Amino acid sequence: MNKKKVGLLIVAVIVLSIAIAWQKMQRFAASPLAIEKETIFTLPAGTGREGLESLLVEQKIIADGTFFPWLLRAEPELAKFKAGTYRFMVGMSVREMLALLSSGKEAQFSIRFVEGSRLKEWLETLRQAPYTTHTLVDKSEQDIAMLLEIKDKPNPEGWFYPDTYLYTAGTSDIDLLRRAHERMKKTVDEVWKRREQGLPYKTPDELLTMASIIEKETAINEERTQVASVFVNRLRLGMRLQTDPTVIYGMGDDYKGVITRKALDTPTPYNTYVISGLPPTPIAMPGKASLDAAAHPAKTSYLYFVADGKGGHRFTTNLADHNRAVKVYRSALKERDEQ
């Protein structure tokens, strides 16, 4: 065999080897990740190609990294990966994974702040939220108010909008609270501007406080404006609000599930059986429906309401009818307990 034929044979072997390697690399790029469930992957800042390959193999996201550097050389746009925390899905290919890392579209996490919950409950939710940066450990409510520049409100209770918030890894707890606070400020301002005229609230703070009481008294949307009417009517007549949720809030950690007669008679800034008017701050985080109810209460003559034993409330205009409604409720509770 002459040299020319040998040379051609060598070239053919090289071409064939390259073609085979190319095909294997393409199969590798199209192959699914080795994961069996949704996986959160964090790529540290400053990680290079070899570092990424090592992380993917060590965390068993890819089974073999032999063709990994080949793929990055063949498709350099996939090598522009960005630091962050990403969500890998079952069935995602290696190429799709690298495209995601290059896009910078980090995983979104969600946190839910529930209507009617209190700031101390929000702080506990934040402590348990994954991939957040915790800066509020051992911070008091007054400290949080200062951090958020909530002026003239040493207790920021109520000033955070309840909703589901999305965030990326590394977001701080104070930043999440700041978003909720800014949204509540905007919402209260909007509701305050279009409130019904002549209501017994001097400031947006008082409207928010009323909304928080409504939120704690009923979860039934159709009842919110009626509950609001009871408290507005009482304020206009100079009657005390006498609402249990304010007593509970004032009891703090002393509340164990039951309001005793002693608790009703013990003065606190929030005990509306003792104080006149609204308590000094909200007692929970109200939702939009309760804010709207506080701003637009139903026009009624109701002064009382009590649970009806069916999940709702019975509203009355005088004490005699209210006492009868209370007896009916207690009778229904007794029958239920005896069953």
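Among the elements covering the buried residues of helix 12 are helix 7 (173-193), helix 8 (204-217) and helix 9 (221-237); helices here are DSSP runs (H or I, at least four residues), numbered from the N terminus, and covering rests on contact, meaning heavy atoms within 4.5 Å. Helix 12 itself spans residues 288-295, and its buried residues are S290, L291, A293, A294 and A295, where buried means under 20% relative accessible area (1.4 Å probe, protein chains only).

A word on the source: this is a predicted model, with local features needing pLDDT of at least 70, side-chain atom pairs counting only at pLDDT 80 or more, and totals for chains, interfaces and linings using all residues. Residues are numbered from 1 along each chain as its sequence is written, and side-chain values use heavy atoms, leaving out hydrogens and water.

Zooming out, the protein chain splits into domain 1 (23-103), domain 2 (108-187) and domain 3 (197-338), with bounds from an automatic or database domain assignment. The centres of domain 2 and domain 3, taken over C-alpha atoms, are 26 Å apart.

So what do domain 2 and domain 3 bury between them? About 1400 Å², 61% of it from carbon and sulfur atoms; buried area is the accessible area (1.4 Å probe) that two parts lose on being put together, summed over both. In this interface, 17 residues of domain 2 contact 16 residues of domain 3.

There is one salt bridge between domain 2 and domain 3, the term meaning a side-chain nitrogen of Lys or Arg within 4 Å of a carboxyl oxygen of Asp or Glu. The side chains of K120 and D253 meet in a salt bridge at 3.3 Å, N to O.

Technical notes:
Buried means under 20% relative accessible area, exposed over 50%, partly exposed in between (1.4 Å probe, protein chains only). Helices (H or I, at least four residues) and strands (E, at least two) are DSSP runs, numbered from the N terminus.
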